[in-house]
Amino acid sequence: MNERVVVDPITRIEGHLRIEAQMEGDRIAQAYSSGTMVRGIEIILRGRDPRDAWAFAQRICGVCTLVHGIASVRAVEDALKYEIPKNAQLIRNMMIGAQYVHDHVMHFYHLHALDWVDVVSALQADPKATSDLAQSISNYSKSSPGYFRDMQAKLKGFVEAGQLGIFAKAYWGHPAYKLPPEANLMAVAHYLEALTWQRDVSKMLTIFGGKNPHPNFLVGGVPCPIDLNSDSAINAEKLSQVQNIITQMREFVDQVYVPDTLAVASFYKDWGAQGEGVGNFMTYGDFPEQGINDPSTFLFPRGAILNRDLSNIHDVDLNDDSQVRESIAHSWYDYSGGKTESLHPYKGETELNYDGPTPPYSQLDVEKSYSWLKSPRWKGHVMEVGPLARVLMMYATGHAQARELVDYTLSTLQIPVEALFSTLGRTAARTLETKIVADNLQTWHNNLIGNIKSGDTRTFNEVLWEPSSWPKKAQGVGFMEAPRGGLAHWIVIENGTIANYQAVVPSTWNAGPRDADGNPGPYEAALAGHQLHDPKQPVEILRTIHSFDPCIACAVHVTDPDGEELVKVKIL
Amino acid sequence: MRKDQTLGAYLFSQGVSRRGFLKFCSATASLMALPPTMVGRVAAALENARRPSVIWLSFQECTGCTESLTRSHAPTVESLIFDAISLDYHHTLQAAAGHGAEAAREAAMEENAGEYLLVVDGSIPIGNPAYSTIAGISNLDMLKESAANAAAIIAVGTCAAYGGIPHANPNPTGAVSVSDIIKDKPIINVSGCPPIPVVITGVLAHFLTFGSIPELDELGRPKAFFGQSIHDRCYRRPFYERGQFAKSFDDEGARQGWCLYELGCKGPTTYNACATLKWNEGTSFPIGSGHGCIGCSEPDFWDKGSFYRPIAAGLWGSRDALLGAAAAGAAIGIGTALAARSKKKRANAAKETEST
Amino acid sequence: MTLLDFARGPALQWSMIILVAGVLWRLGGTILINAKKDLSKARKEHAVADGLKTIATRSLPAHQFEKNIRFQHFSGYAWHIALFVSVLFFAPHILFFESVLGFGWPSLPNSIILITAAIALAILFALLIRRATHPVQRIISNADDYISILVVIAPLITGILAFAHLGARYETLLAVHLLSVEALFVWFPFGKLMHTALTFPSRYQAGSSYGRKGVRA
Amino acid sequence: MSALDTISVRVEASSGNVRPLLHEIRHALQRVADGGIGTTIDLGSLPLAPGEEKRIEELLGSGELRAELDALGPTVLQETRYAGVWFVTHRNTEQEVVARFIEVTRVPELLLAQEVDMQRAVHELEKQLEVN
């Protein structure tokens, strides 16, 4: 029997993910992705005040800490046909944008970099040569030989002390690490820089939302009022603080994140030919300019791409019963119509049916169910969502900056356009969209100030605040592009309370198990064919999985302890 | 810094002066919410403190607590990791994965038996062990195994401290808190959803400094941070006293920073340090940014009615129940009165018959 | 469930149900019992004015006894006004009424409420002591009087304590305050507190029925 | 942003804690002037409204003496316009404020050379003399 390589826990992600890889020689024949934790937040949401839902939904995930809050208030607003003021729209855009920049940078340096960067090798680096390298790729101010010498000394003291802490038992010295010591030292230095930087830029959410993680939102607008004459509202001082943060974000992205990505990628061009996955991509679109109901004004366009065909963008309709459907053929759930059925979220059913091995276990039975994730499909297709999907969509629809950035990256790295469909392409796309979002933060900020100066300070529309003003029954979908991909929450409101709540999130699209037809999910498809240098040190698996930036608490969130049918909602 | 080296010796070897050390101590005392008069004691304790091994377990969680940890500026997460503690197991931050990660946890437990600090975020499902597993091991088993030789446990976040959102009604997975399972170890509850960054590091600093747990309130939280309610320390309190309340988000009162009590603020029944420490290097806190406190550091705060329902409004259901009761009361009242009258009539009639 | 959750939730709900049902039961009964037709010949056919007049005249001390009852009369007024101001114009109370009635009204600053509550409490104590020590009043007082006073004193004391955060954690004090109010709700329909609802109707009833008989009320 | 700079902030939020703090400082200063011991107030422990910390700083103003200490990040010790009242701001190596104190004392403790440091200095001077 062929060996099964098991990686559990997959660390440096959000949540609990397990990968089992069926080997054929030194190659992965089949990979299986399993989410191993459930909480049941959608069930907890039922019967509650829809205005509270954002706080519950937000706790689906603390890394993408605002996305579920946004999707939730948008779902309620969609159901109630609730208009929000222009300032609220802009502030939400800025908060989402700030989350992108923060999250993507942290992903690159703190969750993904150690797959490519050998911390121990950095000890061998020559600080002077490191400084030369840093200055050759960027004009970032912290690049003197002394700076890198200090950094190296700190690292050395740490390693020599013998207590490696978070760096212990990793795959240091693995031949898959290709960076020269100087590049490693530079990257480790930026790992620490990014930790400081993220603390500063995370304050944008605190200014508008009161805290970070888990800032506050409000159905009908945003909770922070604007009053240039008040200390207790968004005033000139706070707006200038926001401006500083945007400047700080753009500087770091332009001078550190983008150059580092290109520098690291240049040593790993072979990863531009593996880890593709399914070749189908989907976006819901986000960053509205004229309101959420006009996708043509979104910064991130909406659409679906099948089989890498960028010339043909398909329309996506979240309310269409035949488009988004969830399968549970290999998930620990049951449907009244049987395991082979698939359902639209409005009609979703959730019946828990754990038939896996009793813990502690060493291997899952992948012939049966093997994950707490469902398998969402679009018109029956396995779809990849996330930065790569968005960059491809912008590229395909002619977004000038996206085209320019993609072409620049390809030519700098001297790789073909097909290299986008890969582990490397996914990681690079994340960097490129970060730059696009960071640049747009400035635009939204300018627009916000322009709007305030024109005399409009409204941030909240109170007209539908009282539940007594709502229809007896309403339903809606709140969508957004989360940093990890397209996210949507479906809500059904009856008599002022939540009758049903369903979230289909990016990592469910990407990390879900096989469907009824045996089609693997994007993670599983992307891993197939990987060659493992040493099955005991499967750094190759980590590289491709991390390129998706998994968020498993997001992906799994439904359960029912009694095995009762919980969610059965008819379309009104 | 070697394991057996004290923090004082370590800083000294790094060329930090006594003056620098004293600065470090007064900042640390402030961080631990200790009065400035305690700096001397902090200095004496810190000088001899050793770098403890910390094992951080994540169960039914959203990683918000870890994200919060990384936002701490005093001490920063990097100085914590490099100088103050040995973070030997932490899913989100550690380089190793799979077998390597588990090996790191086991090695830390063995080498530091009886001395390591166990930090837990997330609740533990007891409905079915398979509701949450790591490396094929249920959370329950992993907690028990890791707690057995721990010096103390810090339950970070409301989920680990009190069950949190997975525990919210109807608690689909049977989620419980750390203290529901572990009874024989000192447990510090650092609640909040998530806790304030510097409260997490402040409690770690306290353990590092004194090697003991701080004074706790009846809910197991450090009094230094959770001793007073948000309301008591809120800068909007004077508006409450004067009866000036924001009636709606974005009304004139809201813009002027009036009290958010009527918009459902749970500050009066919530104990945390948000109003003084504030969030993200003192940038703001929920009330400072216009939203009422949702009470996230209190047990079962998810199940205390809408976040927008004022505390004074009670938790009883709808007015329909009251209307129903009114109707029933009226019916009973009229019914008994009628009954009494007809009884009286019958009695009178009987009297009349008797007298004739 | 914490004490506060119990006090805000089921205890509040049930006490209000008992209050409403009880009051309606008493009112329904009272109206029906008095609805017996008076067969005697009326000296005056429409005695509405007499009823209203009696409400007014009985609201002032009868001049024959004026000297003797002045203290009681005016302290009674002072205490009732102080109580109603405290109950009706304290912001959290208004939010409570709003949650029941669906509408609210402006509140008074806390400092004023604290003063009125303290006045109400002081007078009520004085009246309680007088009731317990005054030779005549002592004899004519029964358990109902004392219970009725106690269920009113309790919310006043616990309310002031909760307001001042004295003695225990705020949520405990708030819970005890709510529970004391709920005790009042439960007792209300069955004891002398019912005078709140019946005072003016009964004065009217007396006035109009005397008027009908041609007697000066 | 430039246009916004012209707009000044008018309405001041107030926690009601600024006056009591000034009273406390006054009493503490009187004690020190009378030969008693100093007082340190941790600003992080006070509930202050947005902008109030700045207002306190403005109220106290700047005096003659300002000292900067570079140890584990910069610290600024600024004597206020009131002799004996000091504003102390500690920053970490990333320049983030980690603690702020108002010290009421003749000389803040941190300005004094420490015994251990002086011993070390003597040692190093001796070494220096040996070399030359």
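This is a predicted model: local features need pLDDT of at least 70, side-chain atom pairs count only at pLDDT 80 or more; totals for chains, interfaces and linings use all residues.
## Salt bridges in chain B

At 38% relative accessibility, B:K223 counts as partly exposed. B:K223 pairs with B:E215 in a salt bridge whose closest N and O atoms are 3.2 Å apart. B:E215 has a relative accessibility of 55%, so this glutamate counts as exposed, the cut-off for that class being over 50%.

Now compare the setting of another pair. B:E298 and B:R221 form a salt bridge through their side chains, with an N to O distance of 2.9 Å. This bridge ties together distant parts of the chain, 77 residues apart: B:E298 sits in the loop between helix 15 (274–277) and helix 16 (319–355) of chain B, while B:R221 belongs to the loop between helix 11 (197–210) and helix 12 (223–226) of chain B. Are these two residues buried or exposed? Both B:E298 and B:R221 are buried.

The partners come from distant parts of the chain, 29 residues apart, with B:R18 in helix 2 (residues 18–31) of chain B and B:E47 in helix 3 (residues 39–47) of chain B. B:E47 counts as partly exposed because its relative accessibility is 32%.

How many salt bridges are there over all chains? A search of the whole structure gives 51. In general, side chains of opposite charge can pair when their charged atoms come close.

## Nonpolar cores

Let's turn to the nonpolar side chains. The largest nonpolar core contains 255 residues, and A:F167, A:M204 and A:I541 are those with the most contacts inside it. Chain B contributes as well: domain 1 (7–226) and domain 2 (237–313) of chain B each supply at least three residues to this core.

What does A:F167 touch, leaving aside residues up to four places away in sequence? Its contacts in chain A are A:L114, A:V119, A:F158, A:W172 and A:Y191, and from chain B come B:F82 and B:A95.

## How the chains meet

Four pairs of chains touch, and the pair with the most contacts is A and B. Chains A and C, by contrast, have no contact, and their closest C-alpha atoms lie 10 Å apart. Chains C and D do not touch either, with 15 Å between their nearest C-alpha atoms.

Conventions. Residues are numbered from 1 along each chain as its sequence is written. Chains are lettered from A and ligands numbered from 1 in the order in which they are written. Side-chain values use heavy atoms; hydrogens and water are left out. A nonpolar core is a set of buried Ala, Val, Leu, Ile, Met, Phe, Trp, Tyr and Cys residues joined through side-chain atoms within 4.5 Å. Buried means under 20% relative accessible area, exposed over 50%, partly exposed in between (1.4 Å probe, protein chains only). Domain bounds come from an automatic or database domain assignment. Contact means heavy atoms within 4.5 Å. A salt bridge is a side-chain nitrogen of Lys or Arg within 4 Å of a carboxyl oxygen of Asp or Glu. Helices (H or I, at least four residues) and strands (E, at least two) are DSSP runs, numbered from the N terminus.
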